[in-house]
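Here is a walk through one protein model, from its sheet to its helices and then to its aromatic side chains. Please keep the structure in view while reading.

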Amino acid sequence: MLFNEISIIYKTITMGLIASLPEIEQQATSIFVIHEKCEKQIPLHQHSKSQLFYVDGGIAYIRLADQLLVIPSRHYCWIPAGIPHSLTIGQNGTHLRSILFTTKGENKHAFYNDVGIYPINDLLIEMMRYTEQWQGHILPDDERFMFLQSIKSILPKISIRHLPIALPYTENKRMLQIISYIEENISDKHTLETISKRFGLSDRTLSRFFKDTLKISFLQYLKLLRMVKAFELIQQKAHSLSEIAYLTGYQSLASFSYTFYQVTNMRPSEFAHLNSMV
């Protein structure tokens with residue numbers, strides 16, 4: 001289950017990116033490049049450089065202090081310096097392409113100030129893949145430095161449409177039980193009444209529990225969770241969109257498509273097309 005996997009992050013010792021953290025901090029003026037077949041889980045960490053990363057061909061989840069961000073295929077993530085985060089990869093052996101930049105010049109554009117998830121275009125994919133043979137520190141006197149800096153400089157220009165899929169996160173054990181049950185039975189027709197009855201709570205108590213614990217209503221959370229599951233199913237390429245609609249609890253493709261567009265500002269067919277290009 002998604003939330004159980006995220007919780008395991010804090011109990012897992014991993015190598016790769018985490019093992020590189022001390023080295024990343026050794027050169028304040030460098031751009032640090034990492035390409036690796038990523039571990040499934042990278043625990044909580046932070047660094048003094050801003051990070052651009054792309055999970056090539058997979059789906060990933062970034063956990064911040066109180067949010068779980070979903071990064072579908074054909075999307076990249078930008079994380080400003082100093083923000084604690086952890087990473088879960090949906091598939092083992094997926095390529096993680098990560099470039100860590102100094103913060104110099106970031107005050108010139110608001111884009112660099114916030115965590116963001118954006119569609120990745122062909123130009124950015126090819127530029128990042130071009131760096132595949134580069135690893136570690138690239139210093140300002142290296143001719144490769146300017147190429148990497150150009151990647152950073154184009155991000156505000158090509159990253160117009162932000163993907164706003166963020167699941168609120170909590171470590172409240174009671175709430176984790178409830179949302180894990182919903183996730184395991186995501187195709188069912190859930191209502192505040194059915195979940196209240198299942199867990200021996202009144203409708204009013206459960207509604208208040210969601211708002212107090214997750215800062216979101218029950219129905220809003222259910223909608224977001226269904227979209228996350230839809231992302232996963234589309235990425236697997238094993239079901240039609242009509243089947244995915246029913247598997248995520250919608251009674252028709254039309255209602256699924258409407259909600260998908262409402263949340264992501266794109267049709268599921270458009271998202272599926274992006275996924276087919278991976």
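Two strands count as paired if DSSP finds at least two bridges between them. The model discussed here is a predicted one. Strands of a sheet pair through backbone hydrogen bonds, either parallel or antiparallel. In this model, five strands make up an open sheet, ordered β2-β7-β4-β5-β11, with antiparallel pairing. Its edges are β2 (41-45) and β11 (166-168), each of which pairs on one side only. On average, and ignoring direction, neighbouring strands of the sheet are turned by 20° against each other.

Within this sheet, β4 (residues 60-63) and β5 (residues 67-71) run antiparallel and are joined by four bridges.

Two packed helices are described by the angle between their axes and the distance between the axes. For α8 and helix α10 (residues 253-264), the angle is about 100° and the axes are 11 Å apart. Angles of 65 to 115 degrees count as roughly perpendicular, so α8 is roughly perpendicular to α10. On the α8 side, the contact is made by Lys223, Leu224, Met227, Ala230, Phe231 and Ile234. On the α10 side, Phe256, Thr259, Phe260, Gln262, Val263 and Thr264 take part.

The aromatic side chains come next. Rings of Phe, Tyr and Trp pair if their centres lie within 6.5 Å, and by this rule there are 17 aromatic pairs. One of them joins tyrosine 130 and phenylalanine 147, with 5.1 Å from centre to centre and 50° between the planes, a tilted arrangement. Because tyrosine 130 lies in helix α3 (residues 122-130) and phenylalanine 147 in helix α4 (residues 143-158), the pair ties together parts that are 17 residues apart in sequence. Tyrosine 130 counts as exposed, at 55% relative accessibility. Phenylalanine 147, with a relative accessible area of 24%, is partly exposed.

Elsewhere, one aromatic cluster is formed by Tyr76, Trp78, Phe101, Phe111, Tyr112 and Tyr118. Tyrosine 112 also has a charge over its ring: the charged end of lysine 152 sits there, 5.5 Å from the ring centre. A further case involves arginine 144, whose charged end sits over the ring of tryptophan 134 at 5.4 Å from its centre.

How values were computed:
Residues numbered from 1 in each chain as written. Predicted model: local features only at pLDDT ≥ 70, side-chain atom pairs only at ≥ 80, totals over all residues. Heavy atoms only, no water. Phe/Tyr/Trp six-rings, centres within 6.5 Å; stacked < 30°, edge-to-face > 60°. Helix = DSSP H or I, 4+ residues; strand = E, 2+ residues; numbered from the N terminus. Buried < 20%, exposed > 50% of the residue type's maximum accessible area, 1.4 Å probe, protein only. Lys NZ or Arg CZ within 6 Å of the ring centre and 35° of its normal. Axes fitted to C-alpha atoms, helices over the stretch in contact; angles between N-to-C directions. Parallel < 35°, antiparallel > 145°, perpendicular 65-115°, else oblique. Contact = heavy atoms within 4.5 Å.
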